[in-house]
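Colleague: Please take one part of this model and go through it closely. Give me the cut-offs as you go.

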Amino acid sequence: MTATLPVSVESEIFYPSADGQPVAETYDHLYALLTTLEVLKQYLANRQATVLGNQFLYYAQGFPKLRVAPDVMVIFDVAPGGRDNYKVWEEGQVPTVIFEMTSFGTKGQDEIFKKTLYEQLGVKEYWLFDPKGEWVEQQLRGYRLRGEIYEPIQDGRSEPLQLRLVVEGRLIGFYREDTGEKLLIPGELVEALRQEVLARQQAEELVEQERQRAEQERQRAEQERQRAEQERQRAEQAELQIEQLKARLRSLNLDPDTIE
């Protein structure tokens, strides 16, 4: 049971937001952490959820030393946005999914202590990702809560996130289950945006070319109309001249048919 302290005592307890330790062990771990964090933030942007990275999770009110700092944690049914730290008793929800970017040096803590803690807290899914492939077979291992016990995830799916997880080099690739679409990492988003801008420019150029061709066709049609009108006027003028000549011949008692 979580201890509850009187308000006067609780208000004096300090819950730090940092411990001065590095965010990640290596660049690969940091990149995997930040990429996972950003991809999931974008994916859940319109949901009642938050995604936090390497921030203290306090799980026992009144005991600031009882804390852990998951690399990435997803919490549903809470207000969106960042936090300096996360206190379970204030938010009313434990994390739903947690990712740890593990290494051989953190193997014991990640596979034993954190797994046991997250299991006891009721975290529905716990994923271990080994960017360097130091100890996790195929780099990615997941556990799903069944009752009160973690069972290995065999299908590569995150049920709460409705995503399929795939190892892609030293990153986790996330794919939507409903569409199969990949959730793009920041670099891919930039390239996709560049391609979109390029495609829009090309489309605008094609529209302009079509407009110019249509204008040229309109001008040619107008020129043809004007030429036809000139021909008609010339024909009318010639017909008028013939009629005038016939009338003159008749006035001279000559046969006008001789000019046909």
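**A strand pair and its surroundings**

Modeller: Strand S6 (residues 97–101) runs parallel to strand S7 (residues 125–129), and 5 bridges join the two. Strands (E, at least two residues) and helices (H or I, at least four) are DSSP runs numbered from the N terminus. Two strands pair if DSSP finds at least two bridges between them. This is a predicted model: local features need pLDDT of at least 70, side-chain atom pairs count only at pLDDT 80 or more, and totals for chains, interfaces and linings use all residues. Residues are numbered from 1 along each chain as its sequence is written, and side-chain values use heavy atoms, with hydrogens and water left out.

Ile98 faces Tyr126 of S7. Phe99 has Trp127 of S7 as its bridge partner.

How enclosed is S7? Of its 5 residues, 5 are buried, so the rest of the structure largely encloses this strand. Buried means under 20% relative accessible area, exposed over 50%, and partly exposed in between (1.4 Å probe, protein chains only). In a regular strand, side chains alternate between the two faces of the sheet. In S7, Glu125, Trp127 and Phe129 point one way. Tyr126 and Leu128 point the other way. All of these residues are buried.

Contact here means heavy atoms within 4.5 Å.

Tyr143 is a residue to look at in strand S8 (residues 140–146). Tyr143 is buried, at 5% relative accessible area. Beyond neighbours within four places in sequence, its contacts include Glu125, Tyr126 and Leu128, together with Glu111 and Lys115. Others on its contact list include Tyr150, Glu151 and Pro152. The side chains of Tyr143 and Glu111 make a polar contact at 2.8 Å. That term means a pair of N or O atoms within 3.5 Å; within protein, one must be able to donate a hydrogen and the other to accept it, and residues adjacent in sequence count only if both atoms are side-chain atoms. Glu119 is 24 residues from Tyr143 along the chain, and their C-alpha atoms are 9.3 Å apart.

Next, a loop residue. Gln55 sits between strand S1 (49–53) and strand S2 (57–58). Gln55 counts as buried, at 18% relative accessibility. A polar atom of its side chain lies 2.2 Å from the backbone oxygen of Arg83. Gln55 also touches Val68, Ala69, Pro70, Met73 and Asp84, among residues beyond four places away in sequence.

Last, the whole protein. It has 5 helices and 12 strands. Of its 260 residues, 34% count as buried. Among contacts between residues at least 6 apart in sequence, 58% join residues at least 24 apart.
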